[in-house]
Amino acid sequence: MLLGSVLGMNAQNPIIRNQYSADPTARVFNGRVYLFPSHDIISPVEPERKWFCMADYHMFSSNDLMDWTDNGVILSQEDVPWGNPKGFAMWAPDCVFKPEGPQSANSRLNNGKYYFYFPDAPKEGRGFGIGVAIADNLFQPKFVPQPTPIQGAMGIDPCVLQASDGNSYLFWGGGMIQVAKLKDNMVELDGKPERITLPKGFVEGPFAFERNGKFYLTYPWVRKDGGTECLAYAMSDKPMGPYEHKGIIMAEHPNGCWTNHHSIIEFKDQWYLFYHNNAYSPSFDKNRSVCVDSLFFNADGTIQEVKPTLRGVGITDARKAVQIDRYSEIGGKAHIEYHDTLNYFLGWKTVLPKGGWVKYNRVDPKSSSAQNVCVRVKTTAATILKLQLGAYATNLNIPATKGEWKEVNIAVKAMPQGVNDLKLSNIGVAQAEVDWITLTESPREQYFTPATAAAMTPDKDGFIRRWMLLEPIDKPNRSNTVFVDTYLREQFTKEYFPGQMTVLPKGGDKVTVDGKSLTWHALESTRFNVKLFRFATGLEKQEYGVLFWAVTVIDCPEEIKDVRLAAGSNSASMWWLNGEEVLLLSGDRRMVKDDGLSPRITLKKGRNILRGAIINGPGMSDFCVRFIDEKGEPVKNCSITLK
């Protein structure tokens with residue numbers, strides 16, 4: 001994804017669900033939130049090494065804090081000229097933008113750029129240096145690291161405060177917190193570092209910001225001997241202090257996760273705390289995951305303690321899967337469990353015994369007449385779930401699923417419009433396990449039905465609706481601006497799996513791409529345009545920053561000459577007929593009927609295999625395809641099969 005990828009990730013905690021992420025620095029650029037975490041992995045050289053291991057940095061982004069795009073890798077340890085390419089020590093980073101302004105002789109080339117600050121282990125010696133990588137925009141292929149680290153700054157967890165006095169200040173940690181003013185070029189210190197005096201106890205991970213003329217220095221702090229980290233803060237009237245300790249932002253993790261690390265931003269008139277825990281790695285706290293919760297200030301400017309939640313922030317679109325295991329409240333002996341303790345990224349399920357209930361706040365059906373509910377549920381005997389949405393209530397009759405997960409669609413009376421809390425209670429006898437609930441049809445069934453063996457022709461307008469679709473391939477694209485012809489030809493002609501241009505897949509067939517098993521699905525689109533985004537949503541797969549493969553068979557009773565393939569796609573696509581490229585749709589497109597026309601081609605008598613590859617970045621994706629004759633009329637004297 002995420003495109004960028006992923007994944008319709010959303011602001012149910014953790015917010016990053018396809019990889020480990022930690023030490024989150026969030027920044028607001030041009031009205032969009034960008035997240036720069038470190039990237040925990042299991043050591044590829046020492047799998048038994050019980051320590052932090054990080055080799056690169058991803059950038060994530062969101063315009064609503066609900067749906068997050070993985071914009072891919074922006075810097076890897078192999079890219080750093082002065083760093084150890086096998087050090088696995090790329091810890092907490094930061095990123096700031098310095099706009100154009102008064103330029104001095106030594107800075108005019110660096111104004112109007114993004115500056116990414118990161119720690120890394122040097123090629124020679126011990127400890128950490130702090131490097132800077134620079135980009136003209138956030139969607140360059142990667143940030144370009146400077147040839148040397150910042151001289152005079154040895155440590156970890158850099159943070160840059162851009163103060164109202166017009167200066168920038170670099171903070172960093174490593175057992176203590178230091179600060180120094182930066183020169184205009186943003187890559188050199190302007191003076192000697194100063195140590196900040198804070199209460200006794202181990203401190204690291206500084207994050208500094210300014211609000212209402214006050215400067216806040218926030219930091220992870222081990223306040224008890226032998227304890228774990230809480231998040232604390234101090235305040236000052238000056239960027240470099242002295243700082244006065246004020247209190248706690250977040251207490252220690254109740255499960256004993258040793259670290260916490262964070263950042264604080266204001267976005268759309270609300271303040272937020274980004275932090276991490278080890279929800280996806282409960283037995284190994286060196287693999288962490290990013291979370292976000294709202295943060296509030298008292299009238300005197302002090303910070304109210306944040307209680308971590310599962311629910312997170314934002315309003316959930318109830319047309320998508322509402323993960324009620326990320327509840328706001330729970331009771332009646334209801335509880336959550338991991339789906340699979342061998343793969344924690346599969347998330348959780350909610351176990352509802354008789355009388356059990358769970359509440360999930362702030363959901364929006366996005367409709368004034370929604371009349372269907374879909375529940376992914378497992379139960380050994382029939383039971384009844386009561387759904388409440390604000391003052392609205394209805395009973396859902398859940399059939400026995402024989403202990404297997406099923407998507408159960410239930411027609412209901414029209415649901416209320418607007419944002420309400422959702423409550424699900426088990427008022428039946430049998431225990432039910434619930435994965436998710438949507439206040440609409442199953443996302444996949446709403447747009448697709450399983451392909452049948454019956455003969456199928458193009459629809460009345462000639463559009464082809466029967467397709468074999470492969471689950472999305474991770475193809476991070478931070479922006480659709482990269483979809484130029486040269487890039488697309490490289491990506492579309494790459495071999496992702498054996499036989500991709502020769503084998504005609506069957507429904508249920510699997511291929512392996514980059515170590516991931518992906519399945520082919522034989523489907524018929526309920527619309528003329530094939531909703532790939534909804535296809536991914538219905539499978540709970542990555543929606544953004546992905547590459548989709550589509551295959552179908554056009555069976556012609558006779559040879560049809562001088563036809564053209566007419567296609568439209570959201571984002572870019574490429575199409576092949578019988579193994580030959582016939583059409584490339586490049587650039588950042590919106591899906592338009594007949595957006596592109598191929599040269600004149602021939603549909604041969606008998607079987608013709610049409611293949612398509614569709615790629616997206618941070619946007620949605622779908623496509624429509626038909627053949628037209630020389631008069632522009634749709635070709636319909638053929639049948640569509642998948643064999």
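## Domain organisation

The chain is divided into domain 1 (22-295), domain 2 (316-440) and domain 3 (448-641). The coordinates described here are those of a predicted model. Taken over C-alpha atoms, the centres of domain 1 and domain 2 lie 38 Å apart. Five residues from domain 1 and seven residues from domain 2 take part in the contact.

## The interface of domain 1 and domain 2

The size of an interface is often given as the accessible area lost when the parts come together. For domain 1 and domain 2 this buried area is about 580 Å², and carbon and sulfur atoms give 63% of it.

One salt bridge is found between domain 1 and domain 2, and two residue pairs are in polar contact, both at pLDDT 80 or more. By class, the side of domain 1 that touches domain 2 comprises four nonpolar residues, no polar residues and one charged residue. A salt bridge joins the side chains of Lys-320 and Asp-67, with an N to O distance of 3.2 Å.

Two polar contacts involve the side chain of Gln-19: one with the side chain of Asn-18 at 3.4 Å, and one with the side chain of Asp-70 at 3.1 Å. When neighbours within four places in sequence are left aside, Gln-19 is in contact with His-39, His-58, Phe-60, Asp-70 and Phe-345.

Phe-296 is placed in the loop between strand 20 (289-295) and strand 21 (316-317). With a relative accessible area of 43%, Phe-296 is partly exposed, because this class covers values between the 20% limit for buried and the 50% limit for exposed residues.

Not counting residues up to four places away in sequence, Phe-296 touches Gln-270, Thr-302, Ile-303 and Gln-304. Leu-273 is 23 residues away from Phe-296 in sequence, and the C-alpha to C-alpha distance between Phe-296 and Leu-273 is 9.4 Å.

Conventions
Residues numbered from 1 in each chain as written. Predicted model: local features only at pLDDT ≥ 70, side-chain atom pairs only at ≥ 80, totals over all residues. Heavy atoms only, no water. Polar contact = N/O pair within 3.5 Å; in protein donor to acceptor, adjacent residues only side chain to side chain. Contact = heavy atoms within 4.5 Å. Domains from an automatic or database assignment. Buried area = accessible area lost by both parts, 1.4 Å probe. Salt bridge = Lys/Arg side-chain N within 4 Å of Asp/Glu carboxyl O. Nonpolar A, V, L, I, M, F, W, Y, C, P; charged D, E, K, R; others polar. Helix = DSSP H or I, 4+ residues; strand = E, 2+ residues; numbered from the N terminus. Buried < 20%, exposed > 50% of the residue type's maximum accessible area, 1.4 Å probe, protein only.
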